[in-house]
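Hi there,

Here is the structure I promised to pass on. My notes follow below.

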Amino acid sequence: MGKSRRNFLTGLARSKGFCVDNALSSKVTHIVAEDNPAHELWPWLQEQGVANLDKMNVLDISWFTQSMRAGQPIPVEVQHRIQKPSVQPKPEAGPQDSPWSTVSQYACQRRTTLYNRNKILTDALEVLAENYEFIESKGPCLGFKRAASVLKSLPMPIRSIDEIEGLPCLGPETMAVIQDVFECGSSSKVEEVLTDERYQTLKIFTSVFGVGPKTAEKWYRQGLRSLEQIVSDSSIHLNRMQQAGFQYYEDISKPVSKAEAEAVGQIIEEVVSCVNPDVTITLTGGFRRGKEFGHDVDFLLSVPGHGKEDGLLPAVIDQLRSQGILLYSEFQESTFDLSKLPSRRFEAMDHFQKCFLIVKLKKEQVVGQQEKQRCGRDWKALRVDLVAPPAERYAFALLGWSGSTQFERDLRRFARLERNMLLDNHALYDKTTNTFLQAKTEEDIFTHLGLDYIEPWQRNA
Ligand code: DCT
Ligand code: MG
């Protein structure tokens, strides 16, 4: 209904003690519409993405006026309801006719392999996303990341702006970038960012282990422009992680290959089995998704038995040190507390026991690298992350640590908006029934969420 009509009715209802919300959310119990045909109203409601629409009363204004007269909500009768049309009539033209009508706005309902047919477009969008990340402008950053993620899932290259009609998550700014790329071969906005001194400098600074956008920005504001200037500036205090980041920069700023990840996996496996032969290790992160290169190697340690993971990572770290292959370690003790779940606020890091390491990998240990080892050092420094969740949290931790970050973000968003559930690396909580849903495998979690299972190699969103 029109704004002034709505304001009037809202004021009237509130004056009688009715609770009227300004926004449609899963808290809403009654939706009142006036002069909206069911075949227009229902598709619109469904697009709003509220979780429990089926449980809400979708009502004609007659219910409202009668309730006003009664001074309280009257019982809903069949003549008040605006029934969902059994078959929705097709609009003459529009998203329904688009070849993309089945592309979901959620990455967890798309299958995204590493074969990206739209790399020219997604690279451009990701530069803009990164630039917004540097200025901590979350909204636009997420918008461009989401758009890039949708394009990565497409089974064919987009060749003109008309072809993207009907795709979700592509806002006007994204469309403008894509149009520029098609018309001029590149986007002026992206070119501007790429040649911007601030962007270039922050990109270099954040490439150092332990340096995030905040620190990078601080150094930039102090007039610093290169890594050399930072290490030679005696007024700059580097924390332990950043010191290691600079010390091993040459190695750890280079991508880690799959062969190196496998070699490191063998080392970790041996070390872990010395400490506790019952522990198994699983490769997670980008390499589990089939990537050929990564910035680090992520492993999940699974320990059968309640509480048996206590003290595991400190022992693994000691073992690595005694073998002379530990270059740096930061251990974080578990802060996991079952009684504090579910967490309403998503935190960037989970509460499991974990460590961030730099280890020494002998080049001779890497398959296919023996012939190259003659010149220079015979080892390379490598970034490794280990996480050791309690046994009953394994499936949630595995799903969370397998990524991609965008896939995880959309899993959580889907759970919240479509299922009224809370998902994180620790648990899945159903807010409708106020229960935790148990899971032994990733498949169990997808099933609880009513999602088709997506294989790790299809999660490169
Ligand atoms: N993760 C997450 N939220 C974070 C950090 C990480 O959900 N704040 C998940 C997603 C991926 C996984 O943990 C491992 O993190 P990274 O190593 O940063 O990502 P990656 O996909 O392994 O990327 P790379 O190949 O560059 O290591
Ligand atoms: Mg990784």
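A crossing counts as right-handed if the near helix is turned clockwise from the far one by less than a right angle, and as left-handed if anticlockwise. Helices are DSSP runs of H or I with at least four residues, numbered from the N terminus. By that convention, α13 makes a right-handed crossing with α15. Their axes (lines fitted to C-alpha atoms over the stretch in contact, with angles from 0 to 180 degrees between N-to-C directions) come within 9 Å and cross at roughly 115 degrees. I268, V271, V272, C274 and V275 of α13 meet L312, A315, V316, Q319 and L320 of α15, where contact means heavy atoms within 4.5 Å.

A word on the basis: this is a predicted model, with local features needing pLDDT of at least 70 and side-chain atom pairs pLDDT 80 or more, while totals for chains, interfaces and linings use all residues. Residues are numbered from 1 along each chain as its sequence is written, chains are lettered from A and ligands numbered from 1 in the order written, and side-chain values use heavy atoms, without hydrogens and water.

Now for the ligand. Around ligand 1 there are 14 residues, each with a heavy atom within 4 Å; G286, R289, K291, H295 and D296 come nearest. Oxygen atoms of ligand 1 take part in polar contacts (N or O pairs within 3.5 Å): one lies 2.7 Å from a backbone N or O atom of G286, and one lies 2.8 Å from a polar side-chain atom of K291.

Best wishes

Note on methods:
Helices (H or I, at least four residues) and strands (E, at least two) are DSSP runs, numbered from the N terminus. A polar contact is a pair of N or O atoms within 3.5 Å; within protein, one must be able to donate a hydrogen and the other to accept it, and residues adjacent in sequence count only if both atoms are side-chain atoms.
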